Amino acid sequence: RWPSLLKYYSHTDGVSWLEEYKARHNAGLEAQRIVSSFSKRFFSEHVPCDGFSDIETLACPSHFFEDELMCILNMEGRKGLTWKYYAKKILYFLRQQNILKNLKEYLQRPTDRQSFLEGAVLIDQYCNPLSDICLKSVQAQVDDITDKVRKVLRAKNPRHPSLASKAGEVLIPEVELQRQVLDAMNCVLYEQLKYKGNELDYYNSLNSYIHQVLIRRTGIPISLSVLYLTIARQLGVKLEPVNFPSHFLLRWCQGKEGSTDIFDYTYIDAFGKGKQLTVKECEYLIGHHVTEEFYGVVTSKEVLQRMVGNLLNLGKRESTDQSYQLLRDSLDLYLAMYPDNVQHLMLQARLYFHLGIWPEKVLDILQHIQALDPSQHGAVGYLVQHTLEHIERRKEEVGPEVKHRSDEKHKEVCFSIGLIMKHKRYGYNCVIYGWDPACMMGREWIRNMNVHSLPHGPYQPFYNVLVEDGSCRYAAQENLEYNSEPREIPHPDIGRYFSEFTGIHYLANTELEIRYPEDLELTRATVQKIYSSGKE
C-alpha cells in the first residue's frame with residue numbers, strides 16, 4: 001500500500017507489520033486532519049510562523065506523516081487542489097526544518113570533515129525541499145564521472161596511482177602525475193560529457209543547484225568548481241577553493257605544500273573548461289588587479305556563504321515571484337551560518353514586513369537587531385511602530401466580507417469566480433478569484449496604472465485574477481473576455497482558492513464560496529451557455 005516506505009526497513013529487521021500498518025494509518029488520518037484544517041485557519045492570511053506548531057509536536061513518526069503528504073500531492077486528476085496546496089506548504093516546512101538542522105550539524109563539524117559536495121547538496125535541498133535530492137544520489141553521479149576519468153587515465157598510463165582501489169585516500173605527491181589526472185578530467189568533463197559554463201543564462205538559479213548542474217551539465221564558476229574539486233580529490237589531487245572576486249577559482253600547488261607564495265600555484269577555471277591560469281591571467285579574467293589576499297584558500301563555510309550570497313542576489317532580482325521564495329530561503333540559509341549579521345537580519349525583517357507576513361517574527365528580529373547594534377534604532381523604531389499597527393488592525397478584523405450577486409450595487413458585475421478569462425490588451429490567460437463593483441485601489445495606484453484612460457475608468461467592476469505567469473493582478477471588466485480555449489492556470493496559489501478544475505472552469509473551495517455564495521451557480525450557467533456548443 002505504501003511502497004515508498006520500504007527504504008526505512010531492512011530484510012533482517014524483526015518488524016511487527018500490524019503495528020507498523022496501524023502507525024502509518026493513524027499518521028495518515030492525522031495528516032489529513034491537519035491539512036483540512038489549514039484552509040479554514042489560514043485562508044485570509046499567510047500561514048503564520050506559529051501555524052506549524054501542531055506539526056512540530058507530532059505524536060506519529062515524521063516519515064509516515066510525510067508519506068501521507070506525498071500521497072496527497074500525488075493524487076491523480078484535477079481534484080483536491082486545496083488539499084494539495086496546503087500539503088505542499090506543510091511538507092515544505094517539515095523538510096526545510098530538517099535540512100536546516102542537518103546544515104547546523106554540518107557547520108559544527110571539524111573543517112576536514114566538511115565535504116564541499118555535501119554543503120552544496122544541503123543548499124540545494126533547502127531551496128528545493130520538494131525535489132528528490134540526496135547526497136547519496138549526487139555522490140553516485142560524481143563517482144560515475146570519476147570512473148570515466150579513470151578509464152581515460154588507464155589508457156594513458158595503466159600504472160597511474162589514481163587507478164589503485166584506495167585512490168583518493170592518499171594524495172599523489174608528483175606534480176606530473178597530478179597533471180595527468182587533471183588532463184583526463186578535462187577530457188571527460190568538457191570533451192566527452194560537454195560540461196560548460198552557462199554564459200547565455202548566467203543568472204538562472206538552476207546554475208547554483210548541484211543536482212541541476214549534473215542534469216544540465218552547465219553551471220556558474222562556483223558550482224562547477226565544487227564538482228571539479230570533488231572529482232580531483234577522489235583521484236588523489238588536492239585542489240583548493242579560491243574566493244576570487246567575480247569569478248570563483250581553484251588553485252593547484254606547484255611548489256612546497258602549504259606555500260603562502262601565490263606564484264607557487266596554478267589557478268584553475270572550472271567555468272572555462274578547466275583552463276589553467278597564472279596570477280596575471282587571473283587578473284585578465286576579471287579585468288583588474290587584485291591584492292594577494294584574494295588568491296588565498298577559503299573554508300567550506302566561506303564557499304557556502306558565497307553560494308548562498310549568489311542566490312540572495314538572484315532572489316533580489318526576481319520580479320515575477322511575488323512570494324520572494326528564493327530570497328526568503330537564501331536569507332534563512334545565510335542567517336543559519338551567520339545568525340548575528342545585522343544587514344541580513346534587517347533585510348529579512350523588511351522582507352516579511354513588505355509581504356505583510358509573520359509580524360510577531362518581525363518584532364523578534366528587530367529586537368535582536370537592536371541588541372546587536374543600537375545605532376539601528378531609527379530603522380528599527382519605524383518598523384516596530386508599523387508592525388504593531390499591522391497587528392492591531394488584524395485584531396480588529398471581523399469575519400469575511402460576503403458579496404451577494406443579488407445586491408443592487410453588484411448589478412454591473414458580469415463575470416464570476418472560477419471563470420477562465422483572457423486579457424484583451426495584454427493577452428494573458430487568468431482565472432477570477434475575486435471581484436469588486438468598482439476599483440478599490442488607492443489614488444496613487446489608479447494614477448500609476450492610468451486607469452482614468454479607460455472608457456469606464458475606475459467606476460466599473462474590477463477583478464482579482466491569478467495569471468498563468470504566476471502573478472496576481474487587478475483587471476478592469478472592460479479589459480477581460482471569456483477565453484475561447486479554457487485551460488488550467490499554472491499558478492502556485494490556485495489551490496488556495498479552488499478545489500477542482502473541471503476542464504473548463506475552476507470550482508471555488510469552501511472558504512472562497514463563503515465569500516461569494518451566489519457565484520458558483522452563475523459560473524456553471526455561464527459555462528453552459530458559452531461552451532456547451534463548442535462555440536463562443
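Four domains divide the protein: domain 1 (17-108), domain 2 (135-303), domain 3 (339-399) and domain 4 (408-531). Their bounds come from an automatic or database domain assignment. The model is predicted, so local features need pLDDT of at least 70 and side-chain atom pairs count only at pLDDT 80 or more, while totals for chains, interfaces and linings use all residues. Residues are numbered from 1 along each chain as its sequence is written, and side-chain values use heavy atoms, without hydrogens or water. The C-alpha centres of domain 1 and domain 3 are 28 Å apart.

The largest nonpolar core comprises 70 residues. Such a core is a set of buried Ala, Val, Leu, Ile, Met, Phe, Trp, Tyr and Cys residues joined through side-chain atoms within 4.5 Å. Buried means under 20% relative accessible area (1.4 Å probe, protein chains only). Residues with the most contacts inside this core include Ile145, Leu182, Met185 and Ile231. Helix α7 (residues 175-192) gives the most to the core, with nine residues. Domain 1 (17-108) and domain 2 (135-303) both contribute residues, so the core lies between them. Beyond its neighbours within four places in sequence, Ile231 is in contact (heavy atoms within 4.5 Å) with Val142, Ile145, Thr146, Val149, Met185 and Leu189. Another core, of 32 residues, lies apart from the largest one. Among its members are Val413, Phe415, Leu480 and Tyr516.

Helices (H or I, at least four residues) and strands (E, at least two) are DSSP runs, numbered from the N terminus. Four strands form an open antiparallel sheet in the order β3-β4-β5-β6. Strands pair if DSSP finds at least two bridges between them. At the edges, β3 (239-242) and β6 (275-277) each pair on one side only. The twist averages 35° from one strand to the next. Three bridges join β5 (residues 265-269) to β6. Asp269 has Lys275 in β6 as its bridge partner. Helix α7 packs on this sheet and touches β3, β4 (249-253), β5 and β6. The direction of α7 makes about 150° with that of β4; axes are lines fitted to C-alpha atoms, for helices over the stretch in contact, and angles run from 0 to 180 degrees between N-to-C directions.

A second open sheet has five strands, ordered β10-β9-β8-β7-β11, with antiparallel pairing. Its edge strands, β10 (472-476) and β11 (480-482), each have a single partner strand, so one side of each lacks a neighbour in the sheet. Here the twist averages 50° from one strand to the next. Ile420 has Val431 in β8 as its bridge partner.

Definitions and conventions. Buried means under 20% relative accessible area, exposed over 50%, partly exposed in between (1.4 Å probe, protein chains only).
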